[in-house]
Amino acid sequence: MSADIGLIGLAVMGQNLVLNMADHGFTVAVFNRTTSKVDDFIHGPAKELSSSKRIIGTKSIADFVKTLKRPRRVMLMVKAGDAVDELIDECLPYLEPGDILIDGGNSNYSDTNRRTRALKAKGFIFLGVGISGGEEGARHGPSIMPGGNFAGWPHVKPIFQAIAAKVDGEPCCEWVGDEGAGHYVKMIHNGIEYGDMQLIAESYDILRRGCNLSTDALASTFAAWNTGPLNSYLIEITAAIFRKKDVDGEPLVDKILDSAGQKGTGRWTVVNALDLGVPLTLIGEAVFARNLSAMVDERTDASMALSSPIKPIQANIKEFTHAIEQALYASKIISYAQGFSLMRRAAKEWNWNLHFGAIALMWRGGCIIRSQFLGKIKEAFDQDPELASLLVAPYFKEELLKALPGWRQAVSAAVIAGCPVPCLSTALAFFDGYRSNKLPANLIQAQRDFFGAHTYERCDRPRGQFFHTQW
Ligand code: 2AM
């Protein structure tokens, strides 16, 4: 009984988390269904740490559980879905009430809601923990978003905060909320990541196909953007991608097939937004843009039938590049504002006490969307935790209004040139819609009343009175 925590599931993320925990002085027991992977790990990447007994390999769940200190902390890093339920069922006979099961995989928050409740009823503590940062993050400091049964938090807090990324000395790991809140916030993180990536891709497209910029010039442009308000991991790696040459010396990015994959968390985010009635337009467009990109053959046929649209953009490239930077920045503000609005709505729906400043801080380092910008979001929520939308926070309001002329210029130039900019343009449409005290929904209400007697409210009468007209 010497291990501080046990981890089941030795794929790369699992392995790297174990190494990270052991590096921070924790003793970790490991198990994997295919037990040869335990040997491979113990004799491979974990060799040094296992010879000093920091990492203990086991070959059965019974042996695995025997090595754990009480209350036992069992972390699962396995494929989301049935595997998690199966493993929980396999572990339970060896555990006792008060032991803690932790799901660190990419589970759907509704599964985590269900598991937290079911295990609580049996006396066990369940935590659903979102982890972001990929393989590198897991090894050297991920962003960790814990939720579930709060009773488990004190037992894992020292471990998770030790291994998480740090920004200004603060760990990118704080309690998120009850039941599936941790996995929910991780899902939103992934949705925002879809949006950020699509915004960057659209900016690239305008500059590459619209303005005919070389990949070297693109690399310099993105590197310069990375020193300003767009400073972030994704902008940084984008500059590096543009610099990378293939074996023949040509830019590698030009040779990569333009068909984007997805694992589904972006889609989950958008489906959830539709269910909760929150206009998450930017991430929605980002998911659809990936869908459209994947229709490679159909697009190829259509490009011949309809002829490709691009007309060169004639502009002062320095000024125009700055306009795109502003469009990208403003659209990013819109996307995060939409994402935080969705979380606020979800918190109400499931009675989660979400701290939005803490969430922004968790994303500030370690994860894929990490950026300076998230520090500003944290400040905005620190100043006003009840903020209705980031768009009306004093700092972001100023930033949006400053960026607006460049944003309009970039979007309209893209539209005229025929460069598809679904996310940059939906962001602008949302901004203009959000700040309109008149939208054309009066006509929609008239139509609904016309064909279906759905009734309407009137501007010149109090809310809540409904009228019907014989049209
Ligand atoms: P494996 O090595 O035996 O396949 C990522 O796929 C991780 O999840 C791997 O460690 C894998 O174990 C594990 N995994 C997937 N399905 C599982 C299941 N039903 N039971 C236990 N582990 C599972």
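Which residue with a positive phi follows α16? Gly366 comes after this helix, and its phi is near 85 degrees. The model is predicted, so local features need pLDDT of at least 70 and side-chain atom pairs count only at pLDDT 80 or more, while totals for chains, interfaces and linings use all residues. Residues are numbered from 1 along each chain as its sequence is written, and side-chain values use heavy atoms, with hydrogens and water left out.

Helix α16 spans residues 356-364; helices here are DSSP runs of H or I with at least four residues, strands are E runs of at least two, and both are numbered from the N terminus. Eight of its nine residues are buried, so the helix is largely enclosed by the rest of the structure. Buried means under 20% relative accessible area (1.4 Å probe, protein chains only). Among the buried residues are Phe356, Ile359, Leu361 and Trp363. The buried residues of α16 pack (heavy atoms within 4.5 Å) against strands β7 (143-148) and β9 (170-171) and helices α9 (181-210), α15 (317-350) and α17 (373-383).

The ligand is surrounded by residues including Gly9, Asn32, Lys37 and Glu86, each with a heavy atom within 4 Å of the molecule. Helix α5 (residues 82-91) gives the most to this shell, with three residues.

A polar side-chain atom of Arg33 lies 2.9 Å from a ligand oxygen, and a polar backbone atom of Leu10 is 3.4 Å from one. The protein covers 82% of the 470 Å² of accessible area that the ligand has on its own, as computed by the Shrake-Rupley method with a 1.4 Å probe.

How values were computed
Buried < 20%, exposed > 50% of the residue type's maximum accessible area, 1.4 Å probe, protein only. Polar contact = N/O pair within 3.5 Å; in protein donor to acceptor, adjacent residues only side chain to side chain.
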